[in-house]
Amino acid sequence: MYIYMCPVRLYHSSITQIRKANYATKGIYYQAFICLSTGLERIGKICLILDYYINSNGEFPDLSYVKKNIGHDIKLIYEQSIAIAEKRSIDFNFMKDLNGEIHQDILKILSDFAKGDRYSNINIIVGCEQKSDSIKRWYENIDKFLYEMHVTEKKKRRILQNAEIIDQITNGIALVRHISEDGSILGNVASASFQTGMYEAVAPYRQLYVLQVVRFWVELIRALQYEAMKLGKEDIPFFSEIFGLFYNSDQYFRSRKTWDNW
């Protein structure tokens with residue numbers, strides 16, 4: 001079970017990245033998606049392996065079983081994880097599932113990214129058919145949702161007013177040439193300023209919802225760890241300590257700004 005350390009470092013990096021990524025730093029999106037998709041796949045697999053270990057009285061599955069029965073699809077790994085939680089009547093202290101719309105969208109985007117969307121830039125170069133744009137999907141399905149759900153009308157008006165004021169101040173002396181996450185052109189200060197204000201408003205909530213996804217598997221792995229340890233062998237580490245940082249409240253998840261210096 002020495003693979004257990006890998007997801008922890010991936011989460012530390014990706015949580016900070018998903019909070020910082022914006023239209024001007026699109027490369028950070030890819031870094032976050034790579035780390036998140038890999039980390040979720042690994043912790044999910046560990047949960048499924050632990051369930052197998054418990055069922056087989058302390059025997060680990062072979063590689064053939066892992067490839068055939070578990071695979072790489074994060075959405076399928078989630079469905080199997082839910083089945084395990086229900087089968088074992090696991091009591092979650094936070095969220096018992098990730099069936100909400102935004103959590104499902106996050107899982108779908110990351111799952112599709114892991115299965116092929118991560119090659120989108122290469123596909124363009126070699127003339128291969130593009131499946132989907134993960135950054136655009138994130139902006140349209142996650143950021144816009146968070147902006148409408150969590151940002152107050154007062155703050156939305158302030159973001160718009162600030163964009164208009166900055167545009168007036170810099171009129172004729174500033175040139176903007178950017179492309180937003182959805183592919184539209186940001187050709188003036190007002191549009192770029194508004195996009196920046198929107199990003200800053202939703203960034204803490206991006207982080208919150210992603211950490212809620214991570215925490216679901218952390219709760220599951222904690223419960224399975226104790227069941228596995230009851231077999232009396234010494235194969236299983238204390239996942240509750242390894243992933244302890246991600247077993248926290250929503251308030252802590254939203255307020256902490258950096259995670260990669262842990």
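Trainee: Which side chains meet Glu227 in a salt bridge, and how is such a pair to be read?

Mentor: A salt bridge is a side-chain nitrogen of Lys or Arg within 4 Å of a carboxyl oxygen of Asp or Glu. Here the side chain of Glu227 pairs with that of Lys230, at 2.9 Å from N to O. This is a predicted model, in which local features need pLDDT of at least 70 and side-chain atom pairs count only at pLDDT 80 or more, while totals for chains, interfaces and linings use all residues. Residues are numbered from 1 along each chain as its sequence is written, and side-chain values use heavy atoms, with hydrogens and water left out.

Trainee: Are Glu227 and Lys230 buried, partly exposed or exposed?

Mentor: Buried means under 20% relative accessible area, exposed over 50%, and partly exposed in between (1.4 Å probe, protein chains only). Glu227 is partly exposed at 32%, and Lys230 is exposed at 64%.

Trainee: Which residues do salt bridges with shared partners join into one network?

Mentor: The network comprises Asp73, Lys108, Asp112, Lys115 and Arg137. Within it, Asp112 meets Lys108 at 2.6 Å, N to O. Asp112 is buried, at 15% relative accessible area, whereas Lys108 is partly exposed at 37%.

Trainee: How are Asp112 and Lys108 placed along helix α5?

Mentor: Helices (H or I, at least four residues) and strands (E, at least two) are DSSP runs, numbered from the N terminus. Asp112 and Lys108 stand 4 residues apart in helix α5 (residues 101-115), so about one helical turn separates them.

Trainee: What is the distance between the closest N and O atoms of Asp112 and Arg137?

Mentor: That salt bridge has a distance of 3.1 Å. Because Asp112 belongs to helix α5 and Arg137 to helix α7 (residues 134-150), the pair ties together parts 25 residues apart in sequence. Arg137 is also buried, with a relative accessible area of 17%. In total, the structure holds 12 salt bridges.

Trainee: How many disulfides does the structure hold?

Mentor: A disulfide is a covalent bond between the sulfur atoms of two cysteines. The cut-off is a pair of cysteine sulfur atoms within 2.5 Å, and the structure holds 0 disulfides. Cys35 is buried at 13% relative accessible area, and Cys47 is buried at 0%.

Trainee: How many helices and strands does the protein have?

Mentor: The protein has 11 helices and 2 strands, in the sequence pattern α-α-α-α-α-α-α-α-β-β-α-α-α. Of its 262 residues, 48% count as buried.
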